[in-house]
Amino acid sequence: MRVKIQNLTKRFGETLVLNSVSLDIADQELFFLLGPSGCGKTTLLRLLAGFYQPDEGEIIFGDKPMNGVPPHERNTGMVFQNYALWPHMTVAENVAYGLDVRHVTSAEKKQRVAEALAIVQMEAYGERTPNQLSGGQQQRVALARALVVRPDVLLLDEPLSNLDAKLRLEMREEIRRIHAQTRITTVYVTHDQKESLSLADRLAVMRAGVIEQVGDPRTVYRAPANRFVAEFIGETNWLSAEVIACASGAMALRTEFGSFHAPADVRFRVGQKLWVGFRPEAVQMGPAETNCLATTIRQVNYLGEVEQYQLDLGPGTTIKAIEQNPLEIRRLGAPLKVHVRPQDLLLLQVER
């Protein structure tokens, strides 16, 4: 089911929560809404579910407008952050609840509950109650309850936020598997960058009720639209720079801490100010002929598979670096030359 959102605006009193949001979510897509608390992502999800009605704009499922259509007539399935399972019902009864209100026959209900529990690999737990289940198992039941109605659109509201780190990783894989099996168009709300990068077909980064960028995870991470997106989707080091030359498909940049070379970019011309950014994992240990920085080690955090560094460039300026599979022991206060490959630089216009 294709989902189209056109110029959607929502206010609560005097507060503008969504400001003319437009999105086009493809049939069978696993689409993420990502952003900080208060950005409007959950409000947008609830508008899709029909719990709220927009003040302006339109929601279309397939070719059918949804404005004014009540939740129970939209054929969506929703998984809430707190799972919202009935404690006095068994797992099977919880899963069947959506079918009861749809007046499905007893035989079909039994079959569809069994199918939904099989999809989430909970067939053996049908007679248990929610308080006899782990958090991950409760999450699977909540997914089964949403899937049993055979929704056109599946809506997930931060479904993994109440799980510990290990269970979150396990459930990420489960959600990936379930989506691959069912191919239901899914809209997933989260503030967790790792969830979105590891699962999404595409994602939208939101801030203050507007869409800052839409794209696949790799594009959004490696080519963020602005500093907000770059910093929200992952850590970034920034240096102010000026373009001093453009030739032969490359640009020369001048920073306070030395010169940089970057791939040519039609957005910039000689004399223009810009931000040059690079991710901590893009920092390479050791000197190089280009894009080299002389630093002093300020802080070291050894984490086994990686080592995290905070490096001083000069008074009041530090950068972060990450070394994979660290072997060499580096001491605080020691000098360290590092470099960044031209293709790993993020170049952004200075926002006015």
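Modeller: A residue is called buried here when its relative accessible area is under 20%; by that cut-off, in this predicted model, buried residues make up 48% of the 352 residues in the protein chain.

Colleague: And what does the secondary structure come to?

Modeller: The protein chain has eight helices and 20 strands, and its C-alpha atoms fill a box of roughly 75 × 45 × 40 Å along the principal axes.

Colleague: How much of the contact set joins residues at least 24 apart?

Modeller: Counting contacts between residues at least 6 apart in sequence, 65% join residues at least 24 apart.

Colleague: Where does Y97 lie?

Modeller: Y97 belongs to helix α2, which covers residues 91-100, and Y97 is partly exposed, with a relative accessible area of 34%.

Colleague: What about the rest of α2, buried or exposed?

Modeller: Seven of the 10 residues of α2 are buried, so this helix is largely enclosed by the rest of the structure; the buried ones are V91, A92, N94, V95, A96, G98 and L99.

Colleague: What covers them?

Modeller: The cover over the buried residues of α2 includes α3, residues 106-119, and α4, residues 135-147.

Colleague: Last topic, charges: how many positive and negative side chains are there?

Modeller: There are 40 positive and 41 negative side chains in the protein chain, and the centres of the two sets lie 1 Å apart.

Terms used. Residues numbered from 1 in each chain as written. Predicted model: local features only at pLDDT ≥ 70, side-chain atom pairs only at ≥ 80, totals over all residues. Heavy atoms only, no water. Helix = DSSP H or I, 4+ residues; strand = E, 2+ residues; numbered from the N terminus. Buried < 20%, exposed > 50% of the residue type's maximum accessible area, 1.4 Å probe, protein only. Contact = heavy atoms within 4.5 Å. Lys, Arg positive; Asp, Glu negative; His and termini not counted. Charge placed at Lys NZ, Arg CZ, Asp CG, Glu CD.
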